[in-house]
Structure formats: structure tokens, C-alpha cells
Amino acid sequence: MRTTARGLSERYGCTALKKNPDSHIWVNEIREEDEIYGSYLVRTKRLGMTRNGDPFLSLTLADRSGEIEGKVWERANELSALFDEGDVIEVAGRANSYRGQLQVTLSGLKVVKEVPDISLFLEKSSKSISEMMGSLREILGEITDSHMRALVEKFLSDRHFMSLFKKAPAAKNFHHNYIGGLLEHTLSVCQLARMVADHYPELDRNLLLTGAFLHDIGKVNELQFERQIDYTDEGRLLGHLVSGVSMVKQKLGALKNFPTEISLRLEHLILSHHGTHEFGSPKRPKFLEAFALHLIDDLDAKVNGLGRFIEKDTQKGDWTDFNRLFERYFLKGRVQSAEENEDPGLREDKRQRALF
Ligand SMILES: [Fe+2]
Ligand SMILES: [Fe+2]
């Protein structure tokens with residue numbers, strides 16, 4: 001018979017479940033000694049053994065605000081058999097600190113079969129999906145080459161593709177790793193591509209804009225994002241560059257007399273946009289627009305990824321925690337303008353004078 005959270009909470013004397021069964025304590029709001037209640041995603045699960053030979057369960061519990069370690073000291077073997085990594089569990093427990101790290105000691109848990117609200121676990125873009133789609137369609141409407149325009153239209157009118165494209169994250173980690181992130185990143189890359197094409201008239205605007213739109217389309221097949229963002233088998237085996245090229249080839253099959261010269265260049269734009277072999281591109285950029293697209297993509301990914309890293313940092317002081325990807329600490333905050341530093345009284349005085 002499955003042990004219910006209420007049963008466990010009664011057995012372990014935990015009253016949190018009874019007090020407020022509808023509440024969810026966000027991970028980033030948990031403080032030492034807090035009583036915890038909520039539904040959390042099990043990111044990792046490990047069964048360990050204490051020095052006395054008693055089994056215990058070590059979990060990484062997550063919601064969209066962050067991750068926290070969870071420990072189960074009693075009946076670890078039995079409870080471990082009830083759920084797997086990727087499942088959602090309803091827990092009751094108490095927060096405590098161990099070696100300076102906050103963790104939750106669980107007093108009760110039960111598996112949640114039907115997740116009521118996926119937004120508990122996955123972050124969403126702060127921007128409106130329909131507004132972003134409107135802006136993207138507007139930019140793509142500027143493509144004047146009839147072949148490239150027709151290809152773009154094939155994707156925009158593919159309902160299955162578009163429903164995934166609007167929801168997908170752009171990555172598992174680092175940049176735009178939230179629902180709507182792929183659309184947000186693609187729109188941003190298209191907007192930058194438009195500015196770059198205006199600045200450098202020697203670039204083929206149609207090619208750069210079409211490449212900007214297509215460069216990451218393979219991510220709709222590379223990533224799955226039901227409860228947490230993870231790679232699919234296709235993502236692990238092929239990756240979004242190769243998947244993206246296959247998707248383009250498939251659409252091209254329905255377009256008659258599509259010039260080979262354009263299709264080759266578009267496929268190269270997708271395959272080379274990571275810039276180097278080391279970062280997963282089978283070919284390095286070999287024409288001007290491919291170089292530009294790689295640099296634009298890199299810029300947009302880094303400004304978003306680093307910006308979020310700095311914003312989410314909880315270290316006290318001016319510097320962030322160590323960033324493993326970039327192997328450095330980052331300086332937080334921003335420079336205050338002369339006006340912001342000014343005495344408010346003085347500012348008012350100046351304004352008065354400006355009136356005369
Ligand atoms: Fe990419
Ligand atoms: Fe990208």
C-alpha cells in the first residue's frame with residue numbers, strides 16, 4: 001500500500017500538510033527553520049548509506065525559482081521505490097542548514113501523478129508570445145527574395161512546428177532556458193540581423209534574415225520541455241544544427257525550382273552558426289553572412305545568459321559566485337549616472353532654473 005503524505009506527516013509529527021495544504025513555498029524563499037510544504041520536481045535522486053549503515057535518500061528538489069537539497073532519513077529504501085528522477089512529489093519538511101548549505105529534511109512525501117500547473121517548474125519568457133510573434137512576422141515580411149520568402153512561409157504556416165516553436169526553450173542551460181525562450185532568442189537574432197544588414201550594405205539582407213530565423217529551428221526537436229528542460233534522443237544523437245538542416249530540406253522538397261545556390265547557403269548558415277568545431281559546428285562560417293550570423297547569435301546568447309546569471313546571483317557583495325562556463329567572477333550592479341548621484345534638492349534647483 002502506498003504511503004500518503006498525510007499518513008507520513010502524522011507518523012512523523014509534521015503539521016505543515018494539515019495547516020496549509022494549498023500553499024507552495026518557493027525554493028528561493030526557503031529560510032532556515034521554515035516549515036516546508038509544496039510540490040517539487042525531483043531533479044536527482046541518490047540512495048546513500050550513513051556511517052551506521054542506515055540508508056538515506058538525497059534529492060535535488062526544484063521549482064521554477066531554484067533548487068534545494070532534500071534529505072530523507074527514515075524508511076529511505078521504501079520511499080525511494082515510489083518515484084524516479086523527473087517525477088513531481090508533494091513534500092512536507094523543515095529547512096535546516098548543513099555545512100552552511102540550506103537543505104530540507106523531509107518528514108513526508110507523496111508522488112503527484114497529474115501536475116496541476118507546469119508553470120510551478122518551468123520559467124516563462126517575461127515577454128508576450130503573441131507580441132513577439134507579431135514582431136517576428138513583421139521582420140520576416142521584409143524578405144524580398146521570393147524563394148526565401150516561400151521557404152519562411154512554409155514554416156510559419158506549419159501549425160505543428162509553430163506550436164512547438166512558440167513554446168520551446170532555446171537551451172537546457174545558460175541562455176533563454178525558459179518557455180518561449182526560442183522565440184525570444186530568434187526574434188532578437190532577427191532584430192540584430194536587420195540592424196547589422198543596415199550597417200553593412202555588403203551583406204545580403206535576405207540571406208541573413210532567413211538564416212537568423214532558421215538557425216535554431218532544430219531546437220524544437222532537440223529539447224523536450226514537459227516538466228523540465230532536457231535533451232531528446234534526437235537532440236543527443238543529432239543536435240539542432242543537423243536537425244535544422246533536415247527540416248529545411250524537408251520543406252524544400254515541396255518548393256519547386258528552389259535555387260541550389262540559395263539552399264546550400266541556408267544550410268551552411270545553420271550548420272556553421274556555432275562558429276567552431278569545438279562548439280558543435282561541423283563547418284566553420286565560410287561566407288560573410290555566416291560569419292555575421294555566428295557573431296550575432298553568440299552576442300545574443302551571452303548577453304541573455306550572463307545577464308540572467310548576474311541577476312540571479314545571491315552572493316553578498318559586489319561580485320558574483322564563480323561562473324564555471326566563463327571561468328571568472330563577474331562584477332554586479334551598474335554605474336550610477338551623475339544625475340542619480342546628485343542631491344535631490346540640487347536636482348530640483350537645476351530644474352527650476354531650466355524653466356527660466
Ligand atoms: Fe544554435
Ligand atoms: Fe541561437
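The model is predicted. Its protein chain has 15 helices and seven strands, and buried residues account for 32% of its 356 residues. Residues 24 or more positions apart supply 56% of the contacts with a separation of 6 or more.

- Let's begin with strand E1, residues 35-49, which runs antiparallel to strand E2, residues 55-63, with eight bridges joining them.
- To find this pairing on screen, pick Thr44, whose bridge partner in E2 is Thr60.
- E1 and E2 form a hairpin with five residues between the strands.
- The hairpin of E2 and E3 has two residues between its strands.

**Helix H5 and its buried face**

- Next comes helix H5, which spans residues 146-156 and has Met148, Leu151 and Val152 as buried residues.
- Looking down the axis of H5, you will find its buried residues within an arc of 95°, so they line one face of the helix.
- What do the buried residues of H5 pack against? Their partners are four helices by name: H4 (129-140), H8 (205-214), H11 (239-252) and H12 (260-272).

**Helices H12 and H13**

- Helix H12, one of the partners of the buried residues of H5, also packs beside helix H13, residues 288-312, and the two axes come within 9 Å.
- Two packed helices are described by the angle between their axes and the distance between the axes.
- For H12 and H13 the axes cross at roughly 35°, and the crossing is right-handed.
- Which residues meet where H12 passes H13? On the H12 side they are His268, Leu269 and Ser272, and on the H13 side they are Glu289, Ala290, Leu293 and His294.
- By class, this contact of H12 with H13 has three nonpolar, three polar and one charged residues.

How values were computed:
Residues numbered from 1 in each chain as written. Chains lettered and ligands numbered in written order. Predicted model: local features only at pLDDT ≥ 70, side-chain atom pairs only at ≥ 80, totals over all residues. Buried ≥ 20, exposed ≤ 12 C-beta atoms within 10 Å, placed from the backbone. Arc of directions from axis to C-beta. Contact = placed C-beta atoms within 7 Å. Axes fitted to C-alpha atoms, helices over the stretch in contact; angles between N-to-C directions. Left-handed = near helix turned anticlockwise from the far one by under 90°. Nonpolar A, V, L, I, M, F, W, Y, C, P; charged D, E, K, R; others polar. Pairing = 2+ DSSP bridges.
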